[in-house]
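Subject: Handing over a structure, with notes

Dear colleague,

I am passing this structure on to you, and the sequence and model are shown just below. My notes on what was found follow after them, and I would be glad if you read them with the structure open.

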Amino acid sequence: KRSMPLFGKTVMVTAGPTYEAIDPVRFIGNHSSGKMGFALADELTRLGADVTLIAGPTAQKSTQMLKRIDVVSAQDMFNACSSVFPNTDITVMCAAVADYRPKVVATQKIKKQDSDLVLELEKTTDILASLGTAKKAHQILVGFALETNDEENYAKGKLEKKNLDLVVLNSLNDKGAGFKSDTNKITIFNKALERTVFEMKSKTDVAKDICAAILKIAK
Ligand code: C5P
């Protein structure tokens, strides 16, 4: 029991980027590698949880036996999260979800023209915010924040606006933190807006710190 403190808990983790189609061969994406989310899903599984990992396009492989749902776009991820979330005790949203997508997806490859091309973008659904609205009292919801400026204030704002229990801030200002790297440097804020600052660590060890923070508030 001590080594499996999350036994009997159902957990959902999102990881990786989303790809938003422009036409059949092009998309808008981002540099998320999925490493942090996969490390978290693996660690939560090790702690005994029944984990469903919802992954955008990524080369990552899980080392643990867990359920994995592969998705491509923000809308796909929203659909998967919406169906899994009601039955989860703990949800950690680590994915770098696109905020905008092409308003019209061309059915055929867009041809090169002499003139410039204007792409109109529309907003995607903020998955985390929508889960925050649907959240029941027994559910724990953890979000990530990646900022380049005024990071602490944005992180705290996100915690309140999206009705989160914890927010994990990783700064692009720290060398060796973020996207592709194997290490990360995080600060965790809880609902009381108390701040815990961590050293730069491997994403595997960062996952352990995040899980410890979750265990502290787990019901
Ligand atoms: O507001 P911002 O996008 O910076 O918040 C980041 C957090 O929200 C991350 O946990 C991310 O996984 C989540 N998110 C989401 N759906 C979106 C955008 C962000 O779940 N469309």
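**Two loop residues**

Leu 193 is partly exposed, with a relative accessible area of 30%, where buried means under 20% relative accessible area, exposed over 50%, and partly exposed in between (1.4 Å probe, protein chains only). Leu 193 lies in the loop between E12 and E13, and its phi is near 65 degrees, a positive value in a residue other than glycine. Asp 150 also has a positive phi, near 45 degrees, and is likewise not a glycine; Asp 150 sits in the loop between E9 and helix H4 (151-161) and is partly exposed, at a relative accessible area of 47%. The helices (H or I, at least four residues) and strands (E, at least two) named here are DSSP runs, numbered from the N terminus.

Before going further, please keep in mind that this is a predicted model, in which local features need pLDDT of at least 70 and side-chain atom pairs count only at pLDDT 80 or more, while totals for chains, interfaces and linings use all residues. Residues are numbered from 1 along each chain as its sequence is written, and side-chain values use heavy atoms, with hydrogens and water left out.

**The sheet and the helices on it**

An open sheet of 8 strands runs in the order E5-E4-E1-E6-E9-E10-E12-E13, with mixed pairing, two strands being counted as paired if DSSP finds at least two bridges between them. Its edge strands are E5 and strand E13 (195-197), each of which pairs on one side only, and the twist averages 15 degrees from one strand to the next. Axes are lines fitted to C-alpha atoms, for helices over the stretch in contact, and angles run from 0 to 180 degrees between N-to-C directions. Within the sheet, E6 and E9 run parallel and are joined by 4 bridges, and the bridge partner of Met 93 in E9 is Gly 143.

Helix H3 packs on the sheet, touching E1, E6 and E9, and its direction makes about 155 degrees with that of E9; contact here means heavy atoms within 4.5 Å. H5 lies across E6, E9, E10 and E12, and runs at about 10 degrees to E12.

Another pairing is that of E2 with strand E3 (residues 26-28), antiparallel over 3 bridges. A hairpin joins E2 to E3 through 2 residues, and Glu 20 stands opposite Ile 28 in E3.

**What is buried**

The largest nonpolar core has 32 residues, and those with the most contacts inside it are Leu 40, Val 92 and Ile 210. Such a core is a set of buried Ala, Val, Leu, Ile, Met, Phe, Trp, Tyr and Cys residues joined through side-chain atoms within 4.5 Å. E1, helix H1 (35-46), E4, E6, strand E9 (140-147), strand E10 (166-171), strand E12 (186-190) and helix H5 (203-217) each supply at least two residues of this core. Leaving aside residues up to four places away in sequence, Ile 210 touches Met 36, Leu 40, Phe 144, Val 168, Ile 186 and Ile 188. Apart from this core lies another, of 21 residues, among them Val 71, Met 77, Phe 85 and Leu 128.

Which residues of helix H2 (residues 74-84) are buried? They are Ala 74, Met 77, Ala 80, Cys 81 and Val 84, and they lie on the same side of H2, because they cover an arc of only 125 degrees around the axis, the arc being that of the directions from the helix axis to the C-beta atoms. Among the elements that cover them are strand E1 (10-15), strand E4 (50-55) and helix H3 (127-134).

Leu 47, in the loop between H1 and E4, counts as buried at 12% relative accessibility. Leu 47 and Lys 208 are 161 residues apart in sequence but 9.8 Å apart in space, C-alpha to C-alpha.

**Cysteines**

Taking a disulfide as a pair of cysteine sulfur atoms within 2.5 Å, the count comes to 0 disulfides. For Cys 81 the nearest cysteine sulfur, that of Cys 94, is 12 Å away, and Cys 81 is buried, with a relative accessible area of 0%. For Cys 94 the nearest cysteine sulfur is that of Cys 211, 11 Å away, and Cys 94 is buried too, at 14%.

With best regards
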